[in-house]
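Below is a short report on a metal site and a pocket. The structure comes first, then the details.

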Amino acid sequence: MIEVCAIASGSNGNCYYVGNENEAVLVDAGISCKQIFERMEARRLEISKVKAVFITHEHVDHIRGTRVLCKKLNIPAFFTYGTYNNAHKSSKPTHYRFVHIDQPVSVGDLTIHPFAKNHDASEPCSFRIEHNGKSVGVMTDIGSVCNNVIDHLKLCDVVFLESNYDEDMLWKGAYPWPLKKRIASEVGHLSNIQALQLVTEHAQGSVLNTIFLSHLSGENNTPEIAYEAFTPLHETYRIIKTSRHDASDVLVVN
Ligand SMILES: [Zn+2]
Ligand SMILES: [Zn+2]
């Protein structure tokens with residue numbers, strides 16, 4: 001059994017819970033520790049089961065609460081060298097370990113697979129968490145779809161997949177031109193349509209059954225628009241909206 005929950009998801013803060021009966025890990029701690037605890041309690045997730053936090057990259061929406069969380073729970077954070085070295089010191093915990101791309105790490109009965117991604121950070125990575133033959137992927141902040149994303153997506157039963165922006169809203173919106181270009185670039189974020197194409201072209205017929213639409217922009221997207229963009233896949237997959245304001249329901253993967 002694996003339980004998953006998007007504790008926070010959006011361009012302002014990210015934190016994803018993946019656990020089994022005995023232990024759990026968080027991927028990213030991009031909201032405050034206090035908010036993480038409150039949202040876990042609201043969903044009846046046991047905080048003491050969390051044994052480690054894995055950080056995807058050093059942007060503040062992924063790392064903000066890490067130092068306090070690790071201190072309060074007395075657990076390590078796992079980073080790539082690049083992420084750790086470029087993280088702001090206010091977020092760096094005293095208790096940390098390094099992960100190496102493509103070298104799995106065990107936390108109890110969970111196996112965490114780190115793999116490289118395209119994003120404008122230093123040595124950013126995504127994670128796939130495996131337990132008893134089931135896998136959950138956390139794949140956000142992806143500028144372009146690389147073979148790693150495709151290969152790991154095919155192995156996932158459940159994925160937190162970036163669906164960052166609606167292309168019309170981005171290009172017609174108020175963001176300054178350089179920021180629009182950065183978001184849409186090969187090292188920025190995946191649009192709703194790019195995320196849809198990724199699943200349509202590469203995951204059909206795989207074990208994937210549930211997609212959490214994740215890391216939505218507050219300015220250039222809404223949960224309803226992202227969900228609507230995925231209409232062609234509503235029959236094939238369970239599509240779940242995430243929120244920046246609240247934790248999602250807890251999904252049990254058997
Ligand atoms: Zn982000
Ligand atoms: Zn980022």
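## Zinc ion (ligand 1)

Which spacing do the donors of the zinc ion (ligand 1) follow along the chain? They follow D-H-x78-D-x73-H. This is a predicted model, in which local features need pLDDT of at least 70, side-chain atom pairs count only at pLDDT 80 or more, and totals for chains, interfaces and linings use all residues. Residues are numbered from 1 along each chain as its sequence is written, chains are lettered from A and ligands numbered from 1 in written order, and side-chain values use heavy atoms, without hydrogens and water.

The donors are Asp61 (OD), His62 (NE2), Asp141 (OD) and His215 (NE2), at 2.1 to 2.2 Å. Donors here are N, O and S atoms within 2.8 Å of the metal (3.2 Å for Na, K and Ca); water is not among the atoms, so sites may look incomplete. The angles among the four donor atoms run from 88 to 170°, and the site is irregular. Four donors count as tetrahedral if all angles lie between 85 and 135 degrees; four count as square planar and six as octahedral if opposite donors are over 155 degrees apart and all others between 65 and 115; anything else is irregular.

## Zinc ion (ligand 2)

The protein donors of the zinc ion (ligand 2) are His57 (NE2), His59 (ND1), His119 (NE2) and Asp141 (OD), 2.2 to 2.5 Å away. Their spacing is H-x1-H-x59-H-x21-D. This site is irregular because its four donor atoms subtend angles of 91 to 171°.

## The bridge

Asp141 bridges the zinc ion (ligand 1) and the zinc ion (ligand 2), which lie 3.5 Å apart. Asp61 lies in helix H2 and Asp141 in the loop between S10 and H5, so this pair ties together parts 80 residues apart in sequence. Helices (H or I, at least four residues) and strands (E, at least two) are DSSP runs, numbered from the N terminus.

Asp141 is buried, at 1% relative accessible area. Asp61 is buried too. His59 is partly exposed, at 22%. Buried means under 20% relative accessible area, exposed over 50%, and partly exposed in between (1.4 Å probe, protein chains only).

## Largest pocket

The largest pocket is lined by 14 residues. Ser11, Arg182, Ile183, His189 and His215 lie nearest its centre. A pocket is an open set of points on a 1 Å grid over the protein atoms alone, where a 1.4 Å probe fits, with protein on both sides within 12 Å along at least five of seven lines; lining residues have an atom within 4 Å of a point.

Helix H7 (residues 177-184) gives the most to the lining, with three residues.
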